[in-house]
Amino acid sequence: MRLAGTARRRAAVIGAGAVGSMAAWQLAERGLEVHAFDRWGVPHHRGASGGQSRRFAVISMADQDLPPLVLRAEQLWRRLEETTGRRLLEQTGGLILGPTGSTPIRQAIASCENWGLAHRILDAQDLRQRFPQHAVDDEDIAVHDSATGFLRPEPAILAAIEQSATLGATVHHDTEILDIDVRSDTVGLTYRRSADRPHSETFDAVVLAPGAWAATLLPDGLREAIGVAGLTARRLAQTWFVPDDPSLYGAEGFPVFERVAMPGGASIYGFPSLDGATVKIGVKTRPHPEVADPARPDPHLTADHMAEVRDVVARWLPRLNPRPVQTSVHVESYTKDGRPVVGLLPGAAHVAVAVGFSGGGFKYAPAIGEALGDLLVDGVTQASIRQFAPGRSATV
């Protein structure tokens, strides 16, 4: 592997979404000759990173080791903002609402206490007084913090790609990867742009970050080496609603929220209004359905699904008209244990992989990009990603 010496090292990044764009930026900063490939161009609406906003939260209910990675990502988000002049991260404060003593609430509080994250516990009376947009049961409490907020995903990806290009990277828009050939010290790629003839090139290093396309793009042998036999592409929907009083849904009075431990395993999250007229709410009442072809997810939501969404919104957000005025469908990659696969391919120090973020990776994508840059250039990283190691478990 030509990762030393005077020759300029060539790195390919496959997939220029949330993680791939950040990896391209970080590798370009390190002086590599970077080529970023994306089948649909940058940015686009087909993958996991569309829909106007993504939740940013340092508190973690699912992974108690995650907060340091998110805190590092926060620093990188701010650096990317300063470098590009784009507003990407808005820290509005946040709420995690749920029944007292429920497992997610206990885990949220533990996350704050373990990592010294400033927070307050609000009881049902506090919530009714401060946040009348929410329906609150007597046993409900909320964890409130000031660091939570939202990211603008499309501008964020564009900012990282633009910065990588400023540093000399080449971005291959609308380019389909046809073959990935991992050799002992190089990687051969065959690709095609639109109706052009296939073209083959050799790279010293590669980042595999194809998002939902990992399940169909990566060759069987490579998927086995990574240890992602259970990797699936799943469809999720986002919905927008009209409030009865838009003035109640600005960032100053309606922070980013997540309601947990709901009956039947449902969950709901939402954001302040970004357009002054509608409010984005995500409702999960059933497992996200698997998608055979990520390029062709069914954009329609069934009548039963929409009825479930209306019922949940009417119950917990009574000041929103429960009939959505806009929906969007996106495709994400999921692992069986809900944790991503991030690191160097076992036995191949010139191949880095970052797949399977299971709907929660956008907030710390810059830190993942930085870690991938560290691994490919230095062979090690200080980032806390050991729990994400490729091949870590046969069940992933």
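What follows is a short chat about a predicted model of a protein.

Me: What is the mean pLDDT of the protein?
Reply: The mean is 92, and 96% of the residues reach 70 or more.

Me: Where does pLDDT stay under 50?
Reply: Over residues 1–6. The model has nine contacts beyond four places in sequence for that stretch.

Me: Why is α9 largely enclosed by the rest of the structure?
Reply: Because twelve of its 14 residues are buried. Among them are Ala365, Ile368, Glu370, Leu372 and Asp374.

Me: And what covers those buried residues?
Reply: The cover includes two helices, α1 (18–29) and α2 (67–84). It also includes the strands β13 (205–208), β19 (341–345) and β20 (348–355).

Me: Which residue follows α9?
Reply: Glycine 379, with a positive phi near 85 degrees.

Me: Switching to sheets. What is the order of the open sheet of three strands?
Reply: The order is β3-β8-β4, and the pairing is antiparallel.

Me: Why is one side of β3 and of β4 left without a neighbour in the sheet?
Reply: β3 (54–56) and β4 (89–90) stand at the edges with a single partner strand each, so one side of each has no neighbour there.

Me: How many bridges join β3 and β8?
Reply: Three, in the antiparallel sense, with β8 being residues 149–151.

Key:
Residues are numbered from 1 along each chain as its sequence is written. This is a predicted model: local features need pLDDT of at least 70, side-chain atom pairs count only at pLDDT 80 or more; totals for chains, interfaces and linings use all residues. Side-chain values use heavy atoms; hydrogens and water are left out. pLDDT is the predictor's confidence in each residue, from 0 to 100. Contact means heavy atoms within 4.5 Å. Buried means under 20% relative accessible area, exposed over 50%, partly exposed in between (1.4 Å probe, protein chains only). Helices (H or I, at least four residues) and strands (E, at least two) are DSSP runs, numbered from the N terminus. Two strands pair if DSSP finds at least two bridges between them.
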